[in-house]
Protein chains: 6
Amino acid sequence: MTESAADLVRADGRTPDQLREVVIERGWSAHAEGSALISFGRTKVLCTASFTNGVPRWMNGSGKGWVTAEYSMLPRSTNTRNDRESVKGRIGGRTHEISRLIGRSLRAVVDTKGLGENTIQIDCDVLQADGGTRTAAITGAYVALADAIEWARGRKFVGQKAKPLIDTVAAVSVGIIDGTPMLDLAYVEDVRAETDMNVVATGRGLFVEVQGTAEGAPFDRRELDSLLDLALAGTADLTRIQLAALAAQGE
Amino acid sequence: MTESAADLVRADGRTPDQLREVVIERGWSAHAEGSALISFGRTKVLCTASFTNGVPRWMNGSGKGWVTAEYSMLPRSTNTRNDRESVKGRIGGRTHEISRLIGRSLRAVVDTKGLGENTIQIDCDVLQADGGTRTAAITGAYVALADAIEWARGRKFVGQKAKPLIDTVAAVSVGIIDGTPMLDLAYVEDVRAETDMNVVATGRGLFVEVQGTAEGAPFDRRELDSLLDLALAGTADLTRIQLAALAAQGE
Amino acid sequence: MTESAADLVRADGRTPDQLREVVIERGWSAHAEGSALISFGRTKVLCTASFTNGVPRWMNGSGKGWVTAEYSMLPRSTNTRNDRESVKGRIGGRTHEISRLIGRSLRAVVDTKGLGENTIQIDCDVLQADGGTRTAAITGAYVALADAIEWARGRKFVGQKAKPLIDTVAAVSVGIIDGTPMLDLAYVEDVRAETDMNVVATGRGLFVEVQGTAEGAPFDRRELDSLLDLALAGTADLTRIQLAALAAQGE
Amino acid sequence: MTESAADLVRADGRTPDQLREVVIERGWSAHAEGSALISFGRTKVLCTASFTNGVPRWMNGSGKGWVTAEYSMLPRSTNTRNDRESVKGRIGGRTHEISRLIGRSLRAVVDTKGLGENTIQIDCDVLQADGGTRTAAITGAYVALADAIEWARGRKFVGQKAKPLIDTVAAVSVGIIDGTPMLDLAYVEDVRAETDMNVVATGRGLFVEVQGTAEGAPFDRRELDSLLDLALAGTADLTRIQLAALAAQGE
Amino acid sequence: MTESAADLVRADGRTPDQLREVVIERGWSAHAEGSALISFGRTKVLCTASFTNGVPRWMNGSGKGWVTAEYSMLPRSTNTRNDRESVKGRIGGRTHEISRLIGRSLRAVVDTKGLGENTIQIDCDVLQADGGTRTAAITGAYVALADAIEWARGRKFVGQKAKPLIDTVAAVSVGIIDGTPMLDLAYVEDVRAETDMNVVATGRGLFVEVQGTAEGAPFDRRELDSLLDLALAGTADLTRIQLAALAAQGE
Amino acid sequence: MTESAADLVRADGRTPDQLREVVIERGWSAHAEGSALISFGRTKVLCTASFTNGVPRWMNGSGKGWVTAEYSMLPRSTNTRNDRESVKGRIGGRTHEISRLIGRSLRAVVDTKGLGENTIQIDCDVLQADGGTRTAAITGAYVALADAIEWARGRKFVGQKAKPLIDTVAAVSVGIIDGTPMLDLAYVEDVRAETDMNVVATGRGLFVEVQGTAEGAPFDRRELDSLLDLALAGTADLTRIQLAALAAQGE
């Protein structure tokens, strides 16, 4: 992005390449084997990791574990209330899509052999939404997952030398607004973005998922490149925040 | 209860007639017109009140408002994970039952004429469960409801002199454990109780709902009476806590 | 209740403390192991008890039996037709609630050890509704249950000395109308009641369930007491009618 | 059928061309505008007709009425209990098929112009099943329909000179068992039948529906002809029974 | 039919007793064990037969195989688009009815002992509809079924001497339009028909299913007879076309 | 990609940068306003465009049109049969995700003002699947959409000068297999790919969607760049094929 773009000030006072304040409250849940309440600004997502011995029947005897995820929004997490999917009796396409994305993102850094025949079920429930709920969910879910694995190691469900986690993973949204690429869009920015992209990357800076969508006009290769640059800088910041949270004394 | 019973000490150090620590965080939600995060010990329920102009079609022109409620538990709010009702595609009987109970309890203290043709939708989502989720939900929902009505009054959706709330309402569980009536059961107590009762009462000490169930052996009239005594003392305490929360400077 | 209240005459000619005519037709069904068509006035409920060897998987090897119940109303059992829940594709909250109530009420008088690893499924289908369908259902279901257990004893599925039934159980509604407590409300009374209570009690006069709801204004302790008195007198009458039906020569 | 076949005696003592005892109890329901509890032997079906002013939106202004039907079986109407379709959350193919058959059969004798813009909803609920539930349902539904139309005429919802019913309609099953065509199969006969046919015919002896199915071996033209003969004799008998019931003083 | 009727010319130039052009494209699918894309004029149905070893649990050890079928229409196979049943979340009565009809029709010519404990699942998906979709489906499904059985014989899943197919089966619609019986109705004819009948018959000329419905006025015995004559001539023609297709060099 | 990579020969004889044979059969459907049966090798998708006047209620009066899409697979379009989503009663996450992708992709090239208040519903039904079904669906759907708009222009539902289509759109999959980027993956290649990307681009070479997923190991920026190069060359080829099909004399 140009110098002038970097000097732009956003509605909440951030520069275009700045994350919102990110807070990770590890061990929020008294019950879950791993948990994190993560905030990206006003976006708040409760991530829990539930560990169980055994795997789905079709994986029995494979020697491999399984990690899966479900995403959901509380009905009044948003500006206006949405009907519950449990009341509607069916899960919407967007929910399905994000649940699958979270699961794939986490599995990309898991060595399922190292996990052994155990299952970790991640739940990401959006308590308050202000843009970037799926990226906050992935970033928080990684922390919950890491804690659940340590919990399991403590109980010897996972070997002392096993390394089920081969890397870290975090995610961030980027978008082009009035021609300027911006990092970590809040809701008011998200609805104005011409192009919207979610990038999931590992701590080593490799891509796990790149999902770019032209909301307004289609975008060219140069715009795509600038968004990818911005996103990788953002996920690098998020990685540092994740590692700091995990380094802090656990609950 | 006998002197000796009152001296009993429970697993968490309480006396039989003592509530767990109750904390009400008003205005938790940045979006909802009224909200409260309520804790009864480790039980945490997020209550939001969503105000909308207008009523369901069958009430059009009645001059009356409508208050309704939905209850739900996060999948890992409990000790072991439960499948989401949205994924199962149907709402279970227990969820239905509690949603209906919360709605009835609130409507018992609402003058729907005073509310005008407006709807308030209450959502009670259990973030963490340790017994008494329905009673915490009702107690917190009243606070969210009161705040939403004040919000509406501020925007003149409700008349300045209208008094849509004719009383306060709170709820508590009571039960008989090893022959001793006890107040506000935690989960480990709930599963041991021979008789389990939820009482919803107004600030004036009148009953809105009395739901007693023999979990083990049927109970006699004397036991019923001692439980009712205990419950009314508990709801009186809860009323004081509600009023203190509402008296504090709002968000 | 006061002398004068007891002298009141209701729309159908009853005194406040009088049941409607109760008729129990045992063995109505040619197929079910136990069955009763019960009438509380114009309310008619067909109760069947289906006996099967074995229990749900999670009870295998427990040495205990299982009793469960489902309640439903025919679409035109009511004054105006209701859509079928099978057509709507989901069971409503009220249906769920009553099914669970019936099941709990029956299990309160069953010694599941005495039943052995057998399952009894109760079905209560309301053929015609005029208030009190859930209380008629419970009262009739007990008769069907007792007959199914005798059927099973005859085939040696239940031991000759086993006593799976430890008491009888019956239920009745009570309510306060124009300030007067009344027993066994017909539909026109039910809609006018300020307070509505359903009481399930055993033949020995112990409570199994007490469910009181303020439909209009909340109620005080004295009103609650008078309703409980009335209800226990009613369930005592119902117990006599059940025992007489069971004493009569079976079909 | 041959002389010798006509002399055969069936398990319940009938000759091959004999109906079971048919009983029609008109006005069984205190609520419905028309109703009949019909028995074909042990098969018992409660048929109600619910009259409402107005038609589905797509028929508004057509000047025509609408008649539709739903069929269902109580869970223990059968020899072994079936799960409720409301609990399963979906209606089975058989239920759909029979509901549609009943609706078509009744509409075949209704002049919808004569009915005016009114809707009659027929419900046929099988209380006890012993073969022939769909044919009993159609036969009883006609009586309920006729009574609902007379009810509507009495309230002037239908014109005094209008003739919404242009004929009567009844239905019977026939089948070939051990080579012998038989009328009105009971359940034990139905399961043994090589060919099974349901015939719906008007009082004038015209066919409304002919549904023949080879359960075992395919059937030839001669067999088909003998079944049609038997069925038309059966529906003629049923027509007489319907007319006698309708001629009797109504409740 | 009279001489003059036979001389009538239909909208598409056919005589009353003439089939539309029938084309069977065997082996259309690269994946299915048997398949046929069948056209009856503009009606096009893709029929696939999926062979799997094993049978549903309730048939284990019976030594018998299982054949079942599902029918569906693409949303824009029809003149105006229909909502997808997957989106509506439930299968309609018509779809259920036709799926069951196809399954029964095929099973009528299958010796399940000869098939061994194997399952063949037939899928009939209507790509384009112009009347007669169920009859085209049955006719095409037989070809797919026959090919799947040959495929299984080639892999020795079915014995070399086993004859799982004891006859062929085909289906055709007939109807009375303006008093004239006509064969194989196109959609514009179908909607005008007073009586509509679908006949399923074997190659030997025996009936498997006869389903006649009075769409307008009820029909008499003479009309029924003329329709049956016409239908048997039609299924005989279809049998020849099936055999020719099966005799042609396979894919 | 390197010289040597370009010389690699794939299982089906293609070079890494070569599309499978693409065939577009315009006007396949006799009913739809626009339609195309498109093949990418053995992958065959039937795309129909259904035009209706009017828009969903929430768009009334906006002066804008609406384009939406649904994707589905026939149960035996795949190598082994999948259960129908209509039978399961719910749509899976993958189906939802692809339906949404197709809709977004088409809307990216539609000027909804130019379309006027009309709706075009696209249906993409996979008749046979061999990898790349979503990309074939998008590519074929564009042709069906273009034809439906011309149909509407011919009937003056769309203005003679209106240009509802502002560009063309096509899609292709790319992936890295054994380290080599490859275009338009067949199923056997898709399951082996370490990274899998679907790219939707306009005829002018702009991106509409970029969805890259690390199936095996995460990917770096250089790999991402090479996949994007390959994809844009592929969509350029597809654009030429679309334009040639649309230039050919219509049906």
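Which residues does A:Thr133 touch, not counting residues up to four places away in sequence? They are A:Thr43, A:Val45, A:Tyr71, A:Met73, A:Arg94 and A:Val126, where contact means heavy atoms within 4.5 Å.

This is a predicted model, in which local features need pLDDT of at least 70, side-chain atom pairs count only at pLDDT 80 or more, and totals for chains, interfaces and linings use all residues. Residues are numbered from 1 along each chain as its sequence is written, chains are lettered from A and ligands numbered from 1 in the order in which they are written, and side-chain values use heavy atoms, with hydrogens and water left out.

**A spot in chain A**

A:Thr133 sits in helix α5 of chain A; helices are DSSP runs of H or I with at least four residues, strands are runs of E with at least two, and both are numbered from the N terminus. The side chain of A:Thr133 also makes a polar contact with that of A:Tyr71, at 2.6 Å. Such a contact is a pair of N or O atoms within 3.5 Å; within protein, one must be able to donate a hydrogen and the other to accept it, and residues adjacent in sequence count only if both atoms are side-chain atoms.

Buried means under 20% relative accessible area, exposed over 50%, partly exposed in between (1.4 Å probe, protein chains only).

| Residue | Relative accessibility | Class |
|---|---|---|
| A:Gly132 | 17% | buried |
| A:Thr133 | 6% | buried |

Leaving aside neighbours within four places in sequence, A:Gly132 is in contact with A:Arg20, A:Thr43 and A:Leu185.
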